[in-house]
Amino acid sequence: MAIIGMLHVALGVTDMSRSLAFYRDVLGFAVVGEVAFAGDASARSLGVDAALRGVLLERDGFRLELLQRLGGDAGEPGAAGTLSHLALAVDDLGSTLHSLRDRDVEVQSETLAEHAPGVASCLVHDPDGLPIVLYQAPAGAASPWDRCR
């Protein structure tokens with residue numbers, strides 16, 4: 001198992017405009033990209049069945065992703081919390097998941113998603129239940145955030 005980098009920390013939000021105003025205008029983050037996820041592997045890899053809007057922010061080399069559910073339940077209490085996560089890049093997702101299982105970490109197999117050939121992700125949780133997305137992408141593989149680098 002090799003973690004090869006930290007991708008971002010994601011926070012679920014209920015009101016994207018309000019959250020952007022806070023993180024961008026008050027805390028000084030810069031918006032570096034925006035993407036919509038609608039019923040695809042990205043939403044499944046988070047364990048949700050919902051259309052999502054993501055905005056990637058950056059400050060001092062730190063990347064923060066704001067995620068909002070789109071649709072009827074977007075503003076309901078608790079709707080945002082399930083989207084928060086830490087995203088880590090791994091060199092080989094299969095061997096990483098195997099190694100974590102050997103260490104008694106429960107792998108959320110239903111979230112295993114292939115985004116493109118060789119690009120995959122899966123969700124695990126830390127001891128306190130906080131979600132961690134493990135993401136494998138070979139050199140040169142496309143990502144929704146590539147245009148933001």
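Mentor: Since this is a predicted model, what follows describes computed features. The largest nonpolar core is made up of 12 residues, namely A10, V35, F37, A43, L46, V48, A50, L52, L67, L83, L123 and V133. Apart from that core lies another, of 11 residues, which includes L93, L100, I132 and L134.

Trainee: Which residues is L52 in contact with, leaving aside its neighbours within four places in sequence?

Mentor: With those neighbours left aside, L52 is in contact with V35, A36, F37, A43, L46, Q68, R69, L70 and L83.

Trainee: Which residues of helix 3 are buried, and what covers them?

Mentor: Helix 3 spans residues 93-102, and its buried residues are L93, T96, L97, S99 and L100. Viewed down the helix axis, these buried residues fall within an arc of 160°, so they line one face of helix 3. Their cover includes strand 5 (85-90), strand 6 (107-116), strand 7 and strand 8 (131-136).

Trainee: What is found at the start of helix 3, and which residue follows the helix?

Mentor: At its start, a side-chain oxygen of D92 reaches to within 3.1 Å of the backbone nitrogen of G94, while the helix is followed by D104, which has a positive phi, near 65°.

Trainee: Is S121 buried or exposed?

Mentor: S121, which lies in strand 7 (residues 119-125), has a relative accessible area of 1%, and because buried means under 20%, this serine counts as buried. Its side chain is joined to that of H115 by a polar contact of 2.7 Å. Beyond its neighbours within four places in sequence, the contacts of S121 include S45, L93, T111 and Y135.

Conventions: Residues are numbered from 1 along each chain as its sequence is written. This is a predicted model: local features need pLDDT of at least 70, side-chain atom pairs count only at pLDDT 80 or more; totals for chains, interfaces and linings use all residues. Side-chain values use heavy atoms; hydrogens and water are left out. Helices (H or I, at least four residues) and strands (E, at least two) are DSSP runs, numbered from the N terminus. Buried means under 20% relative accessible area, exposed over 50%, partly exposed in between (1.4 Å probe, protein chains only). A polar contact is a pair of N or O atoms within 3.5 Å; within protein, one must be able to donate a hydrogen and the other to accept it, and residues adjacent in sequence count only if both atoms are side-chain atoms. Contact means heavy atoms within 4.5 Å. A nonpolar core is a set of buried Ala, Val, Leu, Ile, Met, Phe, Trp, Tyr and Cys residues joined through side-chain atoms within 4.5 Å. The arc is that of the directions from the helix axis to the C-beta atoms.
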